[in-house]
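I opened this notebook to keep a record of what I looked up in the structure, entry by entry.

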Amino acid sequence: MSIVYKETKVIQKDKVRELYLDAGWMAYTEKGNIINSIIPNALQVISAWEGEELVGLIRTVGDGVYIMYIQDILVKKAYQGRGIGSHLLQTVLSGNKQIPQKVLMTEDTEKTIKFYEKNGFTKVNGKETGVAFSRYDR
């Protein structure tokens, strides 16, 4: 069966929850109101499907004019390494060329660094690319 990509915010909540659980993203799944709100409130959502199974998703937030933040990109573990994540990311990037600033924050692991560099991102680490800051209020 082949992967089908859809741009829609209408996705069954249990399928979204299952995808985030597979990724181990417990901050999103521990409180039901979070997982129920993230998709409808996103700037853009593109999902990857094999039949009725949600196997990947990318979600952006931002103003749609100057900045787009790639908030989430997930691919089920069993489907990783097939180019699904790159396809999702490249689809978002090519469809939003008018937005000059595209940012994301992710784990500082060799695997994630290689993935984003392969897809044209530069690691923010100083004078040439700026500095990144974050704050988490829990």
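I took a charge to sit over a ring if NZ of Lys or CZ of Arg is within 6 Å of the ring centre and within 35 degrees of the ring normal. With that rule I found the charged end of Lys-6 over the ring of Trp-49, 4.8 Å from its centre.

I note for what follows that this is a predicted model, in which local features need pLDDT of at least 70 and side-chain atom pairs count only at pLDDT 80 or more, while totals for chains, interfaces and linings use all residues. Residues are numbered from 1 along each chain as its sequence is written, and side-chain values use heavy atoms, with hydrogens and water left out.

**Entry: the strands.** I read helices (H or I, at least four residues) and strands (E, at least two) as DSSP runs numbered from the N terminus, and I counted two strands as paired if DSSP finds at least two bridges between them. Strand E1 (residues 4-7) is joined to strand E2 (residues 44-50) by 4 bridges and the two run antiparallel, with Trp-49 in E2 as the bridge partner of Val-4. E2 also pairs with E3, again in the antiparallel sense, over 7 bridges, and there Ser-47 stands opposite Leu-57. In the hairpin of E2 and E3, which has 2 residues between the strands, I saw that Gly-51 takes a positive phi near 65°.

E4 pairs in the parallel sense with strand E5 (residues 101-103) over 3 bridges, where Tyr-69 stands opposite Val-103.

**Entry: aromatic pairs.** I let rings of Phe, Tyr and Trp (its six-membered ring) pair if their centres lie within 6.5 Å, with planes under 30 degrees apart counted as stacked, over 60 as edge-to-face and the rest as tilted. My search of the whole structure gave 5 aromatic pairs. One of them, Tyr-20 with Trp-25, is edge-to-face, at 5.7 Å centre to centre and 65° between the planes. Tyr-20 is buried, with a relative accessible area of 0%, whereas Trp-25 is partly exposed, at 30%. The rings of Tyr-116 and Phe-121 have their centres 5.9 Å apart and their planes at 80°, so this pair is edge-to-face as well, and both residues are buried. Ring pairs also link Tyr-20, Trp-25 and Tyr-28 into a cluster.

**Entry: an exposed loop residue.** I looked up Glu-30, which is found in the loop between helix H2 (26-29) and helix H3 (32-37), and it is exposed, with a relative accessible area of 65%.

Terms used
Buried < 20%, exposed > 50% of the residue type's maximum accessible area, 1.4 Å probe, protein only.
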